[in-house]
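Please examine the sequence and the structure shown below. The report that follows describes selected helices, a sheet and a loop residue.

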Amino acid sequence: MTEPSSTPHATAPGASASSQTAASQSVAADETPASQADFRASARRTFAIEEAAIAALESHLDDDFDRACQLMLATKGRVIVTGMGKSGHVASKIAATLASTGTPAFFVHPGEASHGDLGMITPADVVLALSNSGETAEVTALLPLLKRMGTPLVSMTGKPGSTLARDAEAHLDTSVAQEACPLNLAPTASTTAALVMGDALAVALLEARGFTAEEFALSHPGGSLGRRLLLRVQDVMHHGDALPRVALGSPLRDALLEITRQGMGFTCVIDDDDHLVGVYTDGDLRRTLDQHGDLRALKVDDVMTRGGKTVRASMLAAEAVRIMEENRISVLVVCDEDEHPIGAIHMHGLLASGVI
């Protein structure tokens, strides 16, 4: 005798596979622990808690913040930033922000510092140590060694009465009322507060130093800002044999051949002393075709644009872009102080170099 199936969801006679799938999906949907609305509500709570943590930082600013800035400005060495765990990740970011805004800095892992990397720290440096509890063993273990070297210590903790806070020349209070984590355990609001305090330090130091956009670009040469502020016309111009040119009095045919040969959409027209007299462009060619039936008898002098916009090789490439955009042109001749053409820049080249 056949026993009844003991499978909890046995297939009913005649039930299709699709109906079984739909039923399974319905069960799965019913078992979903939270709806999308719950996800968004959780996100909003996180935003509110962390916004409150940031707002509270203003009340924590005191003479110690000024002292911390003064120590970092006065140091002959570097700002060494350290921290363990999540505080370590924040410390690494703070070090990077300081370094890119005019305050030489780098991150040292506190665990590695106790095993040799302390040699990276000198008495001329300033140490910025992060620990929410202010009692992180790997960080507090460095205190006697820093005291012995005479290296100034700035601490950033959430506990003003902690060991790290008491032993520092300046303490930055980043305490928060609660973490965004519903268990009040995972570092969330506290790491956000520490990150914002680090940004406040970096910006205060940046402004005190009079740090400029050009100096910022020097530490970001690979970024778009660096290219805009560092690249000059001479770095991206076509020059030498790549510069299209024909002599004044040349047949228009020669100018057209030169434009085709160099592929820049124009040619310089120069006199016997190698001075720039004018340019002939693709746009000029269209106008020539509209106005002249027979091109064979024309000389380039008859149809060229006299003068034309020029730039210097030492000019920032970004400034050349502005001139092109204002005059709605795609190419500029580069001339020296005596108005001899020495190169040309094209919008396509500026795009390729990342200036635009």
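At 1.5 Å a residue, what span should the 21 residues of helix α9 have, and how far apart are its end C-alpha atoms? The model under discussion is a predicted one. Helix α9 covers residues 189–209, and at 1.5 Å a residue it should span 30 Å. After α9 comes G210, which has a positive phi, near 70 degrees.

Several residues of α9 are buried, among them A189, S190, M197, G198, L201 and L205. A residue is called buried when its relative accessible area is under 20%. The elements that cover the buried residues of α9 include the helices α2, α3 and α4 and the strands β3, β4 and β5. The residue ranges of some of these elements are listed here.

| Covering element | Residues |
|---|---|
| α2 | 36–60 |
| α3 | 63–74 |
| α4 | 85–100 |
| β4 | 153–157 |
| β5 | 170–173 |

Two packed helices are described by the angle between their axes and the distance between the axes. For α3 and α9, the angle is about 55 degrees and the axes lie 10 Å apart. The two helices are therefore oblique to each other, and their crossing is right-handed. On the α3 side, the contact is made by F65, A68, C69, M72 and L73.

Strands of a sheet pair through backbone hydrogen bonds, either parallel or antiparallel. In this model, four strands form an open sheet with mixed pairing, in the order β7-β8-β9-β10. Strands β7 (245–247) and β10 (305–306) stand at the edges with a single partner strand each, so one side of each has no neighbour in the sheet. Strands β8 (residues 266–270) and β9 (residues 276–281) pair in the antiparallel sense over five bridges. Within this pairing, V279 of β9 is the bridge partner of C268. Helix α14 (residues 282–291) packs on the sheet and touches β9 and β10. The direction of α14 makes about 70 degrees with that of β9.

**A loop residue**

T122 lies in the loop between α5 (110–113) and β3 (126–131). Its relative accessible area is 33%, so T122 is partly exposed. In sequence, T122 and G77 are 45 residues apart, while their C-alpha atoms are 7.6 Å apart in space.

Methods
Residues numbered from 1 in each chain as written. Predicted model: local features only at pLDDT ≥ 70, side-chain atom pairs only at ≥ 80, totals over all residues. Heavy atoms only, no water. Buried < 20%, exposed > 50% of the residue type's maximum accessible area, 1.4 Å probe, protein only. Pairing = 2+ DSSP bridges. Contact = heavy atoms within 4.5 Å. Axes fitted to C-alpha atoms, helices over the stretch in contact; angles between N-to-C directions. Expected span 1.5 Å × (residues − 1). Parallel < 35°, antiparallel > 145°, perpendicular 65-115°, else oblique. Left-handed = near helix turned anticlockwise from the far one by under 90°.
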